[in-house]
Amino acid sequence: MTERKESGPPIPTPGAPDAKANALWPSMKRLIGRMRPHRVAVIVVLVLAAISVVFTAVAPRMLGQATNLIFDGIIGKQLPAGISKEQAIDGLRAQGQDTFADMVSGMGVVPGVGIDFDGVGKVLVTVLLLYIGSSLFMWLAGYVLNIVVQSVVKQLRADVERKLHRLPLRYFDSHARGDILSRVTNDIDNVSQAMQQTISQLIVSVMTVIGILVMMIVISPLLALIAVLTVPLSIIVTTMIATRSKPHFVSQWKSTGTLNAHVEEAYTGHELVTVFGRSREVQARFEEQNEGLYQASYRAQFISGLVMPAIMFLGNLNYVAIAVIGGMRVASGTMSLGDVQAFIQYSRQFTQPLTQIGAMVNLLQSGVASAERVFEILDEDEEEPDRTDAPTPADPKGLVEFENVTFGYSPEVPLIEDLSLVARPGQMVAIVGPTGAGKTTLVNLILRFYELNSGRILLDGVDVAQMTRDDLRSRIGMVLQDAWLFGGTIRDNIAYGRPDATEEDVLQAAKASYVDRFVHSLPDGYDTVVDEEGSNISAGEKQLVTIARAFISQPSILILDEATSSVDTRTELLVQHATAVLRSDRTSFVIAHRLSTIRDADLIVVMEEGRIVEQGSHEELLRTRGAYFRLYNSQFVGADV
């Protein structure tokens, strides 16, 4: 039975990239795929957007008719009344005005008749109604889409939250807490913003391009061909720029996670940073990481920002070509002025969606880069699922047996090998030894925070690996060295150990753990609100509250991990009395450096240099004059040297 030097969990690596989700289109497809449960609402959005686009596409053609009515009236008034259009054209040719005659031949003029204001008014009213209808349907589409997007993001948050609860502890050991928080908050918020601002615009832009293209072909296939030439050029330009900016967006959000991890670490340990005079080093590291974030963000935004100017330039070239060729066709009589006016308006509307899509590229890439970081969490390997037919101890007494247990944080480097140990019901088992000997690892294995490499741990004859985690952990109470309280009242923190606890249960636990002795001196008694850091009560009082929390859960197994190491001598006595009450009639594992706290232990396990070297009671181990004897002397005899 041997144990090697404890190396501990892997060191967290903030923002470590994952190769599983690092491509633009697959991640975008996966993100859009999350809208599948809302397919009916998406279809409604598409229909509403299509109606809005149809109204928008028809309106310029109608305005062209109004222009034709005005222009026809102006030209018709200049021609002699009482003759036909053909006679007027012949007269113009006879006067040598062939160009003017060609133009008139393509118009709907009536010689001697001026502008038809009634007709113009009707057209303008129709166009106004079309634009109002288009805006109304577009608003409805945006309203429905907003519900869809927020539902998708809500579900994404819920999926990530559930995923975090299913991840093994080794994942949190190997990832910086600030980076995980950044993924869960900043990245999901960025995904929400990107989806909200791009999906609606993309739908409208694509439909607008299609609708406008149809209208342009109806008016003039030749001019439509000229306009369409800008599309492949725009796609090529956008793709080239997007390919170069994508890595910088990934780097931007990775740097954001790294910076958040540093800030969270620095402010959590602010007192230590100040005490050791490391503020300058922390500030220098912050400035270095902040500069890295600035450079990544600058490059991403600068490169992606080239898309819109490039597409606008192509659009302007297209506009000039259409205006020149359209003017020539009006002069030749093959097109009306209204059609040319409508086509020019269509050409602007045709390039505008392309420009908008180009402008959205940076936001879209930023959102997809954040989605990739979120998907990395969702793609992580989970804890092995609990068995559906999981056994449960038939007669719970608190018997814990380690049988040939082998474990290592890394499979290649075993930490514990072939360890066997028995803790009988009601026994107090103390685990002592120098720092890094594997004491905490041993009790973490009981809780199944980590899975064994081989061997098994039995609780009342049932392999803990076969039990459900909830069932196993509901039977175990734990008091840690670092007392941690929720933001809430003292009553709430005690009742957290058993949500269905009554007021009487809370008071009983508080009295047994000596919380009742100090709580009445607080302004609001049990209703005193403790902040998340617990800064308004002392360290010893926080520890007593955590003992009360463990007491109220009535566990069959109790784990005390250095529960008295951070309190004063007087409070230590209270904690010892409280834990003694808590340990009664239940099996307990006590990790301690102060050997005075475990003299009455039924079994003391001594770990030294990565091995379990001795087992026995306090008196037995002193008589053997081995490792425990040396530890004991170093605390009570060596102090005088």
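The paragraphs that follow treat cavities and pockets, then a surface patch, then salt bridges.

This is a predicted model, in which local features need pLDDT of at least 70, side-chain atom pairs count only at pLDDT 80 or more, and totals for chains, interfaces and linings use all residues. Residues are numbered from 1 along each chain as its sequence is written, and side-chain values use heavy atoms, with hydrogens and water left out.

Rolling a probe the size of a water molecule over the atoms shows where empty space is left. On a 1 Å grid over the protein atoms alone, a cavity is a set of points where a 1.4 Å probe fits but cannot get out, whereas a pocket is an open set with protein on both sides within 12 Å along at least five of seven lines; lining residues have an atom within 4 Å of a point. Grid points are joined across faces, edges and corners, and a volume is the space filled by probe spheres set on the points.

The structure holds 2 cavities of 30 Å³ or more, and the second largest cavity contains about 40 Å³ of space. Its lining consists of Val45, Ala49, Met138, Ala141, Gly142, Leu145, Ser200, Ile203 and Val204. At least two lining residues come from each of helix 2 (39–78), helix 5 (117–166) and helix 7 (177–219), and helix 5 gives the most, with 4 residues. Helices (H or I, at least four residues) and strands (E, at least two) are DSSP runs, numbered from the N terminus. By class, this lining has 7 nonpolar, 2 polar and no charged residues; Ala, Val, Leu, Ile, Met, Phe, Trp, Tyr, Cys and Pro count as nonpolar, Asp, Glu, Lys and Arg as charged, and the others, Gly among them, as polar.

The second largest pocket holds about 940 Å³ of space. Of its 37 lining residues, Trp25, Met28, Leu202, Ile357 and Leu364 lie nearest its centre. Helix 1 (24–33), helix 2, helix 7, helix 9 (230–268) and helix 13 (337–378) each supply at least two residues of this lining, and the largest share, 10 residues, comes from helix 7. The pocket lining comprises 26 nonpolar, 9 polar and 2 charged residues.

Trp139 is placed in helix 5 and counts as exposed because its relative accessibility is 54% (buried means under 20% relative accessible area, exposed over 50%, partly exposed in between, with a 1.4 Å probe and protein chains only).

Side chains of opposite charge can pair when their charged atoms come close. The structure holds 22 salt bridges, each a side-chain nitrogen of Lys or Arg within 4 Å of a carboxyl oxygen of Asp or Glu. In one of them, the closest N and O atoms of Arg456 and Glu403 are 2.8 Å apart. This pair links distant parts of the chain, with Arg456 in strand 5 (residues 454–459) and Glu403 in strand 2 (residues 400–407), 53 residues apart. Arg456 is partly exposed at 37%, and Glu403 is partly exposed at 27%.

Asp471 pairs with Arg475, with the closest N and O atoms 3.0 Å apart. Asp471 is buried at 18% relative accessibility, and Arg475 is buried at 16%. Asp179, Arg183, Asp187, Arg373 and Glu376 are linked in a network of salt bridges.
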